[in-house]
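Okay, thanks for coming, everyone. Let me put the structure up and then walk you through it.

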Amino acid sequence: MGQESANQTWISEFILLGFSNDWGTQVFLFALILAMYLVTVAGNSLILLLIRLDSRLHTPMYFFLSVLSLVDLCYGSSIAPQMLAHLVSARKLMPFPSCVLQLCVSLALGGSEFFLLGAMSCYRYVAVRHPLHYTVIMDGGLCRGLAASCLVTGFLNSLMETVITFRLPLCHDVINHFACETLAVLRLACVDISFNKVMVAVSGFLVIMLPYGLVLFSYASIVIAILHIHSPRGRRKAFGTCASHLTVVCMCFGATIFTYLGPRSASSEDKEKVVALFYAVVAPMLNPVIYSLRNKEVMAALRKLAEKLR
C-alpha cells in the first residue's frame, strides 16, 4: 500500500489517446463525426419543434419521445464537440474538472435514456392492453412524474458512480479513450479496484437490466394481447406501433450490454471505444430517423410545418 501511495500522482489534466495517431484517419473521423453530430442536432431539434407546434402530437407517446430527443441531444453534445476538437488537435488534453463533469453528465443522460425506454414500454403496454382507458391512465401528471423519475434516477446513479471513481488515487494521466469513461478512468488507479468493478456491475444491473427486464415483460404481454386480436389488419397495426420503439431498444440496450456486461478480452479497450462511439454519436442520430420515418403523424406534422414556411 505504501508503494501504491508513493506512485500516486496529483493530476490537473488528462491526456486522451482517442482512436488513432494517423492524421488521415483523424481527418476522416472528424468529417464523419461532424456530419453525424449535425444530423443529430437537426433531427432531434426538429422532433422537439414538431411536437411543440402540432397539437395532434400532444399525447403521452410524443411527450416521452420529446424527452428522449432532448436527452439524445444533450448526450451527444456532452461528448461530440470535445471529441471533434481533439481530432484536429496535436495534444488531446482535458482538465480534471472537465473530465469529472463529462463523466457525470454522460452517465446521467445515458442512464436516464435507459429508464425512459423502460417507461416508454409501459405506455405501449397500456395502449395495446387497455386502449379504451389509455388517455385516462396515462394522463399528463403520470407522464411527467415518470419522466422526472427517470431523469432523477439517472442523475443519482451517475453521481454515485462518479464520486467513487474519482476518489481513487490515480497513478497515470493518460486515458486510452476518446472521452472520460468509467472503465477507462478506473484503469489509471494505483490501488485495487475490485470494489469499483462490483459497483459498476451493480450500477449496470440497475440501469440496464432492470429497464430491459421491464421492456421484456411489457412486450411479452403486448405479444400475448396482439395474438388475441382476430383481425390480421389489427395485428399488423398493433405490431407497427411498437416497431420503432423496439428497434431503438435493441440498438441501445444491445450496445451497452456488450460494453459493460460482456466478457473481458485483450481487445476490450478498442471494442469499448467503438461501441461507445456508436452509442454517443450514431444512436442519437438514428433515434429521430427511426421514430419519424415510420410515423405518419410526425411526417404529417412535418409537411404541415413545411407548408407554413412556404
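So, this is a predicted model, and the mean pLDDT of the protein chain is 84, with 91% of its residues at 70 or more. Where pLDDT is low, the predicted coordinates should not be read in detail.

Quick housekeeping. Residues are numbered from 1 along each chain as its sequence is written, and side-chain values use heavy atoms, with hydrogens and water left out. Local features need pLDDT of at least 70, side-chain atom pairs count only at pLDDT 80 or more, and totals for chains, interfaces and linings use all residues.

Now the record. UniProt, in an unreviewed entry, lists "transmembrane region" for residues 27-50, 62-80, 100-120, 141-160, 205-227, 239-262 and 274-293. Such annotations may be inferred rather than shown by experiment. In the model, residues 27-50 are 100% helix and 0% strand, with end C-alpha atoms 34 Å apart. Residues 100-120 are also 100% helix and 0% strand, and there the ends are 30 Å apart. Helices (H or I, at least four residues) and strands (E, at least two) are DSSP runs, numbered from the N terminus.

On to packing. Helix H6 (residues 140-166) and helix H8 (residues 194-227) pack at about 170°, axes 11 Å apart. Axes are lines fitted to C-alpha atoms, for helices over the stretch in contact, and angles run from 0 to 180 degrees between N-to-C directions. That makes H6 roughly antiparallel to H8 (over 145 degrees). Among the residues making the contact are Met160 and Ile164 of H6, and Met199 and Val207 of H8.

Compare helix H2 (residues 23-53) and helix H11 (residues 296-309): their axes come within 10 Å and cross at roughly 85°. These two are therefore roughly perpendicular (65 to 115 degrees). The contact includes Leu46 and Leu50 of H2, with Leu302 of H11.

Last, disulfides, meaning cysteine sulfur pairs within 2.5 Å: the count is 2. One of them joins Cys99 and Cys180, sulfurs 1.9 Å apart. Its S-S torsion is about -120°, so the Cys99-Cys180 disulfide is left-handed.

Technical notes: Angles under 35 degrees count as roughly parallel, over 145 as roughly antiparallel, 65 to 115 as roughly perpendicular and the rest as oblique. Contact means heavy atoms within 4.5 Å. pLDDT is the predictor's confidence in each residue, from 0 to 100.
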